[in-house]
Amino acid sequence: MPPALDIRGLSKVYGDARGLGRRPSSTEGFSALEGLDLHVEAGAFFGLLGPNGAGKTTLISAVCNLIRITAGEVRVFGEPHDSLAARRLIGLSEQDVNLDRFLDVRETLLYHGGYYGMDRDRARRRAREMMEVFDLSGKAGVRAPKLSGGMRRRLLLARALMHEPRLVILDEPTAAVDFELRLELWRYIRRLHGEGTTILLTTHYLEEAEELCDEIALIRSGRLVARDSAEGLRSAYGATTLSEAYVRAMGGQEDVSFLA
Amino acid sequence: MVAVPAHRRGLAALATRETHRVLKLWLQTIAAPVLASFLFIVVFGLSLGERIDSVDAIPYDAYIVPGLIAMAMVQAAYSNNASSVFQARFEHYINDVLAAPMRAWEVNLGLTIGGVVRALAIGAALMVASLLVTPVGIAQPLVLLAAVALLCVLFGSLGVVVGIYAESFDHHMAVNSIAILPLAFLGGVFYSVESLPSPWEELSHLNPIFYLVQAMRFGFLGSADVPVALSLGVTAALAVLVVAWSARLFATGRRLKA
């Protein structure tokens, strides 16, 4: 079986997106990814860790066809990432809560199913199932802006899973959610992985990566600096905790012994 | 009910979403512009019209109807798509569409449909109201159909393009209030440009909306300031240019994807 994700020499320089009369943005001319290689096996639970601006979201956006890559090749289950076949296989839950303000919960899921080619009956069945799983059935007719933060986060995840993707990309899915919801989302993501779905997770919570991921890659300044299991990373950096290994990998000297 | 083929479900869903948005906000998107344009017809046509001589032997209340309908439809097609696309970009929910397995032209077409539906709904409502209260008729239905189709394509696509370039709500509002609205007013909606002194008459011929108003007027009344082939030709050429611009933005991802 081809790998879920095969990325070779991926580079992205922001700066080729000028518009009429537009002032250059702060990111223009900025190299977010520099010749990055990454290989994620089908069925893996893969974590991507790095500080803000390391290139995690850029990497995800490149895989999901949301940015124009500068150089390199991205394949999803053997298909070029910008092909329709590859796009059908990916489910993305973005870091930002980017829900359509005009749609209610049910419509959000049904239209997403439509965008991904689901027929109406299948989309209805799946939307019902997703609303039950994520405890959104009671809010089916409520528009996204009227939902609580936690419910919006659940809806984002439900939307990402609506079309039953084989590769689910979760960009900081538990950012700003309470502890109970975080545990609930962990439970569901684990179940999903148990059913054979490949998961690519980015997070700033190191304990989350350690708890969930089989393998973790550390990314800094657009380059992969290490990848291994949590145990392997601790051992490689002579650290007792993943936090310590992370700080060392990022070149920091901070004393993180209090995190042990 | 006709089932949508699997490979066109994305387009159908996006077109339905855009139409859904128009209908969900019908008071703002349809009722308000219909009322505003109808008031123009009532005030300028029925009230002041009795004091104004006929234009080209056409009663004034009938004379202004085609231009007013064109003006309302132009603004609807443009502003609907500009605000829908801008909002989707601004709040990043356009990513759900851009990541989906849809071809670039399908996304482009799907996003254009909302403005087309809105313009057609407004045009149809105004036409029915005008037929009831003014002596306007439909002299050349095929010309009218062609003019309406070109209007929807030209200004629907222009709205999408501006929605893609705009960096704030002010930008797309400015295009409407600084360019489209003045050009529509100066495009012979309320008068025949032949009655203008030189050089205003000649300058009016540089106004692209002038040709659209003339094509609509020929469709409704059977007469216009310029030959219908010229007015339809100029409008079609502009439509091709704007559609090509919009198609290129979607094909390359320029301005849509960083």
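## A first look at chain B

In this predicted model, 82% of the chain B contacts between residues at least 6 apart in sequence join residues at least 24 apart. Chain B holds ten helices and zero strands, and reading along its sequence gives the pattern α-α-α-α-α-α-α-α-α-α. Chain B has a radius of gyration of 19 Å, close to the 18 Å from the globule rule for 258 residues, so it is as compact as a globular protein of that length. Along the principal axes, the C-alpha atoms of chain B fill a box of roughly 60 × 40 × 30 Å. Of the 258 residues in this chain, 52% count as buried.

Now follow helix 10 of chain B, which covers residues 228–252. This helix has 25 residues, and from first C-alpha to last it reaches 36 Å, close to the 36 Å expected at 1.5 Å a residue. Its buried residues include B:Val228, B:Leu232, B:Leu238 and B:Phe250. Which helices do the buried residues of helix 10 pack against? The partners, in chain B, are listed here:

| Partner helix | Residues |
|---|---|
| Helix 5 of chain B | 104–133 |
| Helix 6 of chain B | 141–165 |
| Helix 9 of chain B | 208–221 |

Just after helix 10 of chain B, B:Gly253 takes a positive phi of about 80°.

A word on confidence in chain A: the average pLDDT of chain A is 91, and 92% of the residues score at least 70. Over residues 17–21 of chain A, however, pLDDT stays under 50, and the model has five contacts beyond four places in sequence for them. Where pLDDT is low, the predicted coordinates should not be read in detail.

Notes:
Residues are numbered from 1 along each chain as its sequence is written. Chains are lettered from A and ligands numbered from 1 in the order in which they are written. This is a predicted model: local features need pLDDT of at least 70, side-chain atom pairs count only at pLDDT 80 or more; totals for chains, interfaces and linings use all residues. Helices (H or I, at least four residues) and strands (E, at least two) are DSSP runs, numbered from the N terminus. The radius of gyration is taken over C-alpha atoms; the globule rule is 2.2 Å times the number of residues to the power 0.38. A residue is buried if 20 or more other C-beta atoms lie within 10 Å of its own, exposed if 12 or fewer, and partly exposed in between; C-beta atoms are placed from the backbone. Two residues are in contact if their C-beta atoms, placed from the backbone, lie within 7 Å. pLDDT is the predictor's confidence in each residue, from 0 to 100. The expected span of a helix is 1.5 Å times one less than its number of residues.
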